[in-house]
Amino acid sequence: MAVERRGLARGLKLWLDIMFYLVLVVGAAWLFLTPVGALGRNAEWDVTLPVAVGKNAFYPILTLEEEPTSTPELSHLRLVKARGELRVSSSTLLHHFGLSAILLPALGVLVWGLFLLRKILATSASGHPFHPSNPERLNTLGWLIVAASVASTLVEYLAGRWMLSGVQVATVPIAPSLQIHGNWIFCGLLILVLAAIWKEAVRMAEEQALTV
């Protein structure tokens, strides 16, 4: 049974190793090609940011116009919680590099998270799942996910306000997106609970080893 668990840990670590180095290669290529591609062009380029379709950022509501043939019993049509991506062609380097710089912390968080997972699986694959550093690594990963989820909400909203301050849309009302990433926050909190349980398991394993 222990051999099977080690084999699973080794397989997961191999998969994480591939992801880790792939992210590093793609990230390095992006960091190099983004400024080169921007400075080498005279034309406009597209920038993308999340927006809310409606008048409100947190709970967008868009009132729809009804056709005369609509059923009389059905009225006051509204589209709620609609979100999407706004793509804007810009010739200003400030917009291009400003929004591209937002991805740098996200790339760093992803690399850090993968690094912590690789360390945890490395000790587990070597037969030491109750290594004292594993609960601390898992705890760091949990706080990293929670902090990144909250920060991404604020960054998306502020970036949207910055871009939309220079845009006037006459067809459909749009607002900066203020979307709470509740699933990721909940995932981070679960990891923190798991880290606390794992820390207690490590303490019990150490006490048992001292007893023997």
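This is a predicted model: local features need pLDDT of at least 70, side-chain atom pairs count only at pLDDT 80 or more; totals for chains, interfaces and linings use all residues.

The exercises go from the whole chain to one residue.

Residues are numbered from 1 along each chain as its sequence is written, and side-chain values use heavy atoms, with hydrogens and water left out.

**Exercise 1.** Determine which elements the protein has and in what order they run.

Solution. Begin with DSSP runs, taking helices as H or I over at least four residues and strands as E over at least two, numbered from the N terminus. Reading from the N terminus, the order is α-β-β-β-β-α-α-β-α.

**Exercise 2.** Find where confidence is lowest and where it is highest.

Solution. The protein averages a pLDDT of 82, and 86% of the residues score at least 70. Confidence is lowest in H1, with a mean of 75, and highest in helix H3 (residues 133-164), with 92.

**Exercise 3.** Decide whether Asp17 is buried or exposed, and identify its side-chain partner.

Solution. First place Asp17, which lies in helix H1 (residues 2-39). Next apply the cut-offs: buried means under 20% relative accessible area, exposed over 50%, and partly exposed in between (1.4 Å probe, protein chains only). Asp17 has 15% relative accessibility and therefore counts as buried. Finally, the side chains of Asp17 and Arg118 are joined by a polar contact of 2.4 Å, the term being a pair of N or O atoms within 3.5 Å, where within protein one must be able to donate a hydrogen and the other to accept it, and residues adjacent in sequence count only if both atoms are side-chain atoms.

Methods
pLDDT is the predictor's confidence in each residue, from 0 to 100.
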